[in-house]
Amino acid sequence: MNSRLLALYGLKWHPFSSELPIEALYVPPRVEQFLWRIEQAQIREGGFAMVHGEPGSGKSVVLRLLAERLAQLPDLTVGAIDHPQSNLADFYRELGELFAVPLR
């Protein structure tokens with residue numbers, strides 16, 4: 001989308017671009033609560049979080065927001081696994097590779 005068309009509608013960025021900056025995203029209260037719960041509870045307790053939903057429901061955007069917030073925390077590694085068709089052994093193997101943990 002060209003800058004002239006963006007200016008016509010008072011936009012700074014293309015609203016449907018996948019490279020939309022984090023600061024340009026609207027964070028609804030439910031998403032804010034989810035992000036807070038992950039930051040506060042999940043980080044202290046440990047474990048996994050899963051984001052799922054219908055296509056186009058904002059899963060990737062929520063994960064971008066979460067990755068941005070968690071990247072600011074010290075001594076924390078964030079990884080993403082996106083092979084839902086894998087079996088359990090493949091899941092653990094990929095998890096080990098992602099976090100450099102030797103698994104047998």
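Predicted model: local features only at pLDDT ≥ 70, side-chain atom pairs only at ≥ 80, totals over all residues.

Modeller: Residues are numbered from 1 along each chain as its sequence is written, and side-chain values use heavy atoms, with hydrogens and water left out.

Colleague: In what order do the elements of the chain run from the N terminus?

Modeller: Helices (H or I, at least four residues) and strands (E, at least two) are DSSP runs, numbered from the N terminus. The chain contains four helices and zero strands. The order of its elements from the N terminus is therefore α-α-α-α.

Colleague: Why is the chain described as more spread out than a compact globule?

Modeller: The radius of gyration is taken over C-alpha atoms, and the globule rule is 2.2 Å times the number of residues to the power 0.38. For 104 residues that rule gives 13 Å, and the chain is more spread out because its radius of gyration is well over this value, at 17 Å. Along the principal axes, the C-alpha atoms fill a box of roughly 60 × 30 × 25 Å.

Colleague: What percentage of the residues of the chain count as buried?

Modeller: Buried means under 20% relative accessible area, exposed over 50%, and partly exposed in between (1.4 Å probe, protein chains only). Of the 104 residues of the chain, the share that counts as buried is 13%.

Colleague: Which residues are in contact with Lys-59, leaving aside its neighbours within four places in sequence?

Modeller: Lys-59 belongs to helix α3, residues 59–71. With a relative accessibility of 24%, Lys-59 is classed as partly exposed. Contact means heavy atoms within 4.5 Å. With those neighbours left aside, the residues in contact with Lys-59 are Val-51, His-52, Gly-53 and Glu-54.

Colleague: How far apart in space are Lys-59 and Arg-44?

Modeller: In sequence, Lys-59 and Arg-44 are 15 residues apart. From C-alpha to C-alpha, their separation in space is 23 Å.

Colleague: Where does Tyr-9 lie, and what is the distance between its C-alpha atom and that of Leu-103?

Modeller: Tyr-9 is in the loop between α1 (3–8) and α2 (29–45). Its relative accessibility of 61% makes Tyr-9 exposed. Tyr-9 and Leu-103 are 94 residues apart along the chain, and their C-alpha atoms are separated by 54 Å.

Colleague: Which residues form the aromatic pair that a search of the whole structure finds?

Modeller: Rings of Phe, Tyr and Trp (its six-membered ring) pair if their centres lie within 6.5 Å; planes under 30 degrees apart count as stacked, over 60 as edge-to-face and the rest as tilted. The search finds one aromatic pair. The pair is edge-to-face, at 5.2 Å centre to centre with 70° between the planes, and its members are Phe-91 and Tyr-92. Both are partly exposed: Phe-91 has a relative accessibility of 27%, and the value for Tyr-92 is 42%.

Colleague: What is the phi of Asp-75, and what is that of Ala-100?

Modeller: Asp-75 lies in the loop between α3 and α4 (88–98) and is exposed, with a relative accessible area of 85%. Ala-100 is in the segment after α4 and is exposed as well, at 69%. Asp-75 is not a glycine, yet its phi is positive, at about 55°. Ala-100, also not a glycine, has a positive phi of about 55°.
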